[in-house]
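Thank you all for making time this morning. I would like to walk through one model with you, moving from the overall fold to a single strand, and then to one residue and the interface.

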Amino acid sequence: MTDPHAPAVETNGLVKIYGDNRAVDGVDMTVPKGAVYGVLGPNGAGKTTTVKMLATLLRPDGGTAHVFGHDVRTEAAAVRRRVAMTGQYASLDEDLTGLENLTLLGRLTGYHKRDARARGEQLLTAFGLEEAADRQVKKYSGGMRRRADIAASLLNVPDLLFLDEPTTGLDPRSRNQVWEIIRTIVATGTTVLLTTQYLEEADQLANRIAVIDHGKVIAEGTPGELKSSVGAGAVHVRLRDTGQREEARRLLAASLGADVELDADPVALTARISTTADDRAAAERASAALGELARAGVVVDDFSLGRPSLDEVFLALTGEKPAPDATAGDAGGPDAQDTTKATAGVAAVTEGTRA
Amino acid sequence: MSTATTDNATDGAQLRPVADNLSELLVSREQPPRPSALSASLTFGWRAMLKIKHVPEQLFDVTLFPIIMTLMFTYLFGGALAGSPTEYLQYLLPGIMVMSVIMTTMYTGVSVNTDIQKGVFDRFRTMPVWRPSPMVGYLLGDALRYTVASVVILIVGLIMGFRPEGGPLGVLAGIALLVAFSFSFSWIWTMFGLLLRSDKSVMGVSMMVLFPMTFLSNILVQPDTMPGWLQGFVEVNPVAHLVAAVRDLMAGHVNAAELTWTVVAGAVLMLVFGSLTMRIYNRK
């Protein structure tokens, strides 16, 4: 019998080796039930390999992994009954129509043909794909494909859904649609394990995040915990008069007790609040600092208090900017195939930091 | 492909009610019972049918290719080997039928490999179904293709003057044996399809195996005039035994020895390569 309190996923020292490349190098991870768990890392970090082992697609070379208490190695069939996986690449038959794909997979999950078709139609409608139901999947756009793919994972509602980079290569609107779908799925009680190289995505969706790099978990916690580990955020200030910038810098540094950088823009400054203070304290201190500027007659046109982005978290943890294409080269495993998507990743990361 | 459709303007409007709708669909966690091994295999076979429906071009290799083979060899060798093409056809047709169908089996490996590259395979592998069913599904679909190829060749042959003494029953039995053997034989290609990196290398290996197995046999000529070592190879070539058995069935005899040889060879091939295939499939 399995323990009803077993976490959705529990791994201990999980290892996968390709030749002399340790694609996954001792991953310890505990995914609690009923939430979104984000696995964040650049290309080639070992995210896909880890997920494939948990979904019984790859056999671990070392360590243990349990899904709802079932060993992925010895009880693979029991694991398969409780999980569904949507891979990075459309895991649908491109030659068939959307409805045929769902009917096919519905029959494989045990529905009779008519029920499988009905369930497929309902899901396609719910995903806004009813008009595309009778079109071949190869004629779908990226966003449609991803939605159809997720729909295929919900024919039987899984207890654990693996989503491997569900928004890689999607435009912002399709990405938002997928996010909305993920939130809905989690609200019905399914645990979602999401891998992503987009820092904003993990921040938006995940209750807990594991940051993974070179096959190891280098940090784990809630998005808030990860952020506070690198400080409370940054105060951005724009002055009216560039001549007052030196004075502003001195005042901010004194008031906030922080380093103040002069931005490329001759009227802008950024002060990083480097303590582990919570947001409220940071906000209070920022407004006090602005008061100091006002009293000294420094005219502030615009200011903002930016919370630290996960970019900064990643930077703090690894000492390097997450640059997907830079790390993709050292991966021999399936993650290495990601390279083609790298440019899209960079674009989204940049977008993420600005948000 | 340039045909990719972009999400149209109505898409966003449709998405609004998604959340409510979707949660309703996800409330029930009742799971239907697992499909039986047979039903899962048949479902995968149905997929192969759907693929033929959407990509009918893939039937070229079971229609045009066999027709070309039959015409080519009959008129190329007929006069020289048997006095006249019609005369030769009586000998050649069962053999050329076997050759065309056995050549077609390599596409099994190609489709397995293509699916792996496209990612749909990972979906199948995470489904709680009888493990060999995706493979059996390919082969069921292919068995239909083998039947199509056999019938096409038979019709061409009949038009050209093939008059089998075994009558409809003998011909039917011959085709049935051929399709059954090809089903077992194709497990070699499911294994290579899983093992090799690209569909091109699958093709390459297939050719390397299939050319000697079909040409170095009794398909085109009687082995009597071959050198001893080659006759030795033909002796143990299962395709040669299959041809002999099919030829006899179509001629109206049941050749128990050849039939047994063929059935045993088919069973051994399926056992060996079927288990290797499943080993690789599970360990991948």
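In chain A, 70% of the contacts between residues at least 6 apart in sequence join residues that are at least 24 apart, where a contact means that the C-beta atoms of two residues, placed from the backbone, lie within 7 Å. Please keep in mind that this is a predicted model, in which local features need pLDDT of at least 70 and side-chain atom pairs count only at pLDDT 80 or more, whereas totals for chains, interfaces and linings use all residues. Residues are numbered from 1 along each chain as its sequence is written, and chains are lettered from A and ligands numbered from 1 in the order in which they are written.

Of its 355 residues, 51% count as buried; a residue is buried if 20 or more other C-beta atoms lie within 10 Å of its own, exposed if 12 or fewer do, and partly exposed in between, with C-beta atoms placed from the backbone. The chain is divided into domain 1, covering 9-82 and 158-227, and domain 2, covering 231-307, with bounds that come from an automatic or database domain assignment. The C-alpha centres of these two domains of chain A lie 38 Å apart.

Let me turn to the sheet. Six strands of chain A form an open, mixed sheet in the order S6-S7-S8-S3-S9-S10, where two strands pair if DSSP finds at least two bridges between them. Strands S6 (83-86) and S10 (216-221) of chain A stand at the edges with a single partner strand each, so one side of each has no neighbour in the sheet. From one strand to the next the twist averages 15°, with axes fitted as lines to C-alpha atoms, for helices over the stretch in contact, and angles running from 0 to 180 degrees between N-to-C directions.

Next, a single residue. Thr11(A) lies in strand S1(A), residues 9-18, and is buried, with 24 other C-beta atoms within 10 Å. Leaving aside residues up to four places away in sequence, Thr11(A) touches Val27(A), Asp28(A), Met29(A), Gly63(A), Thr64(A) and Ala65(A).

Finally, the interface: the contact takes 41 residues from chain B and 50 residues from chain A. On the side of chain B that touches chain A, helices H1 (10-15), H2 (18-27), H3 (37-54) and H7 (120-125) of chain B each supply at least two residues, and H2(B) gives the most, with 8 residues.

Technical notes
Helices (H or I, at least four residues) and strands (E, at least two) are DSSP runs, numbered from the N terminus.
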